[in-house]
Amino acid sequence: MKVKRKIIEIDDELCDGCGECVPSCAEGAIELVDGKARVVADKYCDGLGACMGECPNNALRIIEREAEDFDEEAVEAYLKEKESKIEQAEPAISKGCPSARVQTFIPPATDRGQAPSDSQLSHWPIQINLIQASAPFLKGADLLVAADCGPAAFAGFQDLLKGKVVMIGCPKFDDAPAYIDKFTQIFKTAGIKSITSLIMEVPCCSGLPAILKRALDASGKKIPMEQIVISTRGAILDRRKVA
């Protein structure tokens with residue numbers, strides 16, 4: 001039933017698809033569709049505006065219009081359905097995709113007398129979507145979570161990677177709520193020692209630290225976190241500890 005009520009409206013012209021608003025909506029009402037934030041369904045939006053403060057472009061606002069009434073039961077069912085799809089997808093990915101086969105690498109310098117390699121990669125896979133929370137290389141790891149454009153731009157990436165377990169993904173085009181669920185599970189179970197977040201200066205990368213913070217809050221864990229922002233030319237613009 002439609003009623004006149006407050007609801008979120010997103011300005012397409014102002015929205016650059018950064019995704020920061022997505023993890024801020026506890027009801028899962030906002031998703032990225034074709035590179036823009038969208039309200040999935042009116043009944044999932046409570047109209048309180050918790051997502052508004054996260055938008056760097058002020059693309060979100062509260063308006064009053066005819067809309068489906070907010071349905072708390074529908075939200076709960078929707079979130080459970082999304083969680084179920086994630087749980088079902090992880091084993092399917094692991095079995096069906098060769099790129100998801102878990103591997104841990106011996107340092108090349110000590111591997112059968114081979115010459116040392118510049119690569120500091122210690123494991124496979126590296127894509128966030130392909131790594132299961134139970135992956136053995138996550139146990140007690142210092143975690144490096146990088147936006148996937150970062151390694152291409154940052155010449156010092158291999159130095160940063162040394163001694164760390166890397167997870168790479170795109171906060172703009174990937175599923176932010178699924179990321180939050182996955183990192184929450186990792187933080188709860190893997191005994192992560194530290195987190196380093198590497199993002200680009202472009203707005204679409206800014207959702208990644210927000211995702212990690214939401215997952216930390218949900219996990220109830222206190223893990224030291226450092227945020228590094230680099231330019232499109234690979235220069236470090238900002239490096240700081242995150243409370």
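Predicted model: local features only at pLDDT ≥ 70, side-chain atom pairs only at ≥ 80, totals over all residues.
View 1. Glu76 forms a salt bridge with Lys80, and the closest N and O atoms of the pair are 3.4 Å apart. Both residues belong to helix α1 (residues 72-96), where they are four residues apart, about one turn of the helix. Lys80 is classed as exposed because its relative accessible area is 51% and the cut-off for that class is over 50%. The pair is one of six salt bridges that a search of the whole structure finds.

**View 2. Arg61 and Glu9, a salt bridge between two strands.** The closest N and O atoms of Arg61 and Glu9, which form a salt bridge, are 2.5 Å apart. This pair links distant parts of the chain, since Arg61 lies in strand β4 (residues 60-68) and Glu9 in strand β1 (residues 2-10), 52 residues apart. Arg61 is partly exposed, with a relative accessible area of 49%, and Glu9 is likewise partly exposed, with a relative accessible area of 29%.

**View 3. Asp42 and Arg65, a salt bridge between a loop and a strand.** Asp42 forms a salt bridge with Arg65, for which the closest N and O atoms are 3.1 Å apart. Here, too, the pair links distant parts of the chain: Asp42 is located in the loop between β3 (36-39) and β4, whereas Arg65 is located in strand β4, and the two residues are 23 residues apart. Arg65 has a relative accessibility of 28% and therefore counts as partly exposed.

**View 4. Asn58, a residue with positive phi in the loop between β3 and β4.** Although Asn58 is not a glycine, its phi is positive, at about 55 degrees. The residue is found in the loop between β3 and β4. With a relative accessibility of 62%, Asn58 counts as exposed, because that class begins over 50%.

**View 5. The cis peptide bond between Trp124 and Pro125.** The peptide bond that joins Trp124 and Pro125 is cis, with an omega of about 5 degrees. Pro125 itself is found in the loop between β6 (123-124) and β7 (142-147).

Key:
Residues numbered from 1 in each chain as written. Heavy atoms only, no water. Salt bridge = Lys/Arg side-chain N within 4 Å of Asp/Glu carboxyl O. Buried < 20%, exposed > 50% of the residue type's maximum accessible area, 1.4 Å probe, protein only.
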